[in-house]
Amino acid sequence: MKSKMRATATHAILAGFMVATALPSFGRQPDRPAGSPGMTPVARPKAAGCVPASQRTELAYNNVRAIIENGGNMWQRRGGNSLPGYEVPKTDTPFSGPSSIFAGGLWMGGMSSDNQLKLAAVLFRAQGNDFWPGPLNNTNASVLPATCLKYDRFWTTTRTQAETHILWAQCAADPDNCNMAELFPDGYSVPADFMSWPAEGDLDQGQDLYLAPFFDSDFDGVYDPLAGDYPDYGFDETVEQCKTRQREDPVNLFGDHNIFWIFNDKGDIHTESFGGEPIGLEVRAQAFAFSSNNEVNNMTFYNFTVINQGEQRLEQTYFGHFVDPDLGCANDDFVGCDVQRGFGFAYNWDENDEDCNGVKGYGVQPPAIGVDFFEGPYQDADGIDNPGPQNNLENLDCLVALQQGGIPYKGLGIGYGDGFPDNERFGMRAFLFWNREGAFAVTDPSAQGHFYNYLKGIWKNGVEMSYGG
């Protein structure tokens, strides 16, 4: 991971429900004790002193109701008695039906040039925080507490709003051939989140010039929704342009309903990862959904554009997503991964998912839940259109084929063997689970190195995960 380089990842949650999301670990259940074994004292460097992220919203556009927070975590109704926050099918009374996921969080780790582990990871935010709201200074990755407070929010837009805004702007620009009163008999107001859209950074604070994607209708380089500009849903992008997209190109908004936010890992000391040394990451995040008549209606999607604003280049960098599936009753869930398709899943161990622990079960014929890391970080650029490794079904750690019989598997990676160099993107490269109880090596992470090991598919004691035990 090079400084100032972007790594974009998209994943989906599929409920068989299914979730689209970045992948590596499935965990089990909520809070950790504050004094978890293996925690070692760490030196506390000077930090920005940002107030922890506090905002929460719901992605509830289709048949799913999913909790989103802006502190790097999601799918959890945190509070005195934390509860699962990924309800599917969605009910009229929020979370009155069964949920399929308890919590999730973004993980990233890599080694600096002086061989120091840099790490940002969250589980349930019971231990504290590793992420805070807001963009970073692009020279030294610093952030002011006032910036964290300013960005402690979400921006929610829809594709329909953008299309309507285009009609309004076109009509306003050509009044001789367009009757505004006929087109908008009730008048038109620019959506509030269009007006406050975080399109441009604060140059006085050293932020990037552009943050959130927008379409610049008058090509003046300044975001002004009253001049026809709007959050960019990529209406004019073709499939060919998508294939040849450059790594530094802005990432458009996705979905029919989109939630956008920005967060970083430099707001204060990392307590959730037991003192993990900050990287200097700025993350521009999207949670989005589509409304359809097929299985996509049971899915939610997430995209993270991750920028290393720090001064150090990182090697051996891993990105992943911790997922704690509670498929209705959490007491009878099994997990696994589908190597060919490149996603992890959880399922009920029998044909009846009973109520338990104060939460509703799915009853007879319970569903499964899947997490598909289908558009991961870019592979290192080498000027070659890489074909990907040959298929090997005996490779059971999920480092497997990206194509079979010449047909790419989107879930395991994209851009391989398509005629375009340097657009290859990893799919799921590793999958590992742990349990709340059991031998030390296979339980919750309780030190910085445990998080990094889990990202690499290695147990807490340094032993690689292997088939059969």
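Guide: The mean pLDDT of the protein chain, pLDDT being the predictor's confidence in each residue from 0 to 100, is 85, and 83% of the residues reach 70 or more. This is a predicted model, in which local features need pLDDT of at least 70 and side-chain atom pairs count only at pLDDT 80 or more, while totals for chains, interfaces and linings use all residues. Residues are numbered from 1 along each chain as its sequence is written, and side-chain values use heavy atoms, with hydrogens and water left out.

The protein chain has 6 helices and 30 strands (DSSP runs numbered from the N terminus: helices are H or I of at least four residues, strands E of at least two).

Trp155 counts as buried because its relative accessibility is 3% (buried means under 20% relative accessible area, exposed over 50%, partly exposed in between, with a 1.4 Å probe and protein chains only). Of the 469 residues of the protein chain, 54% count as buried.

Leaving aside neighbours within four places in sequence, Trp155 is in contact (heavy atoms within 4.5 Å) with Asp193, Ser196, Trp197, Pro198, Asn258, Ile259, Phe260 and Trp261. A polar atom of the Trp155 side chain lies 2.9 Å from the backbone oxygen of Ser196. Asn258 is 103 residues from Trp155 along the chain, and their C-alpha atoms are separated by 8.2 Å.

Two stretches call for caution. pLDDT stays under 50 over residues 15-45 and over residues 390-410. Where pLDDT is low, the predicted coordinates should not be read in detail.

Technical notes
A polar contact is a pair of N or O atoms within 3.5 Å; within protein, one must be able to donate a hydrogen and the other to accept it, and residues adjacent in sequence count only if both atoms are side-chain atoms.
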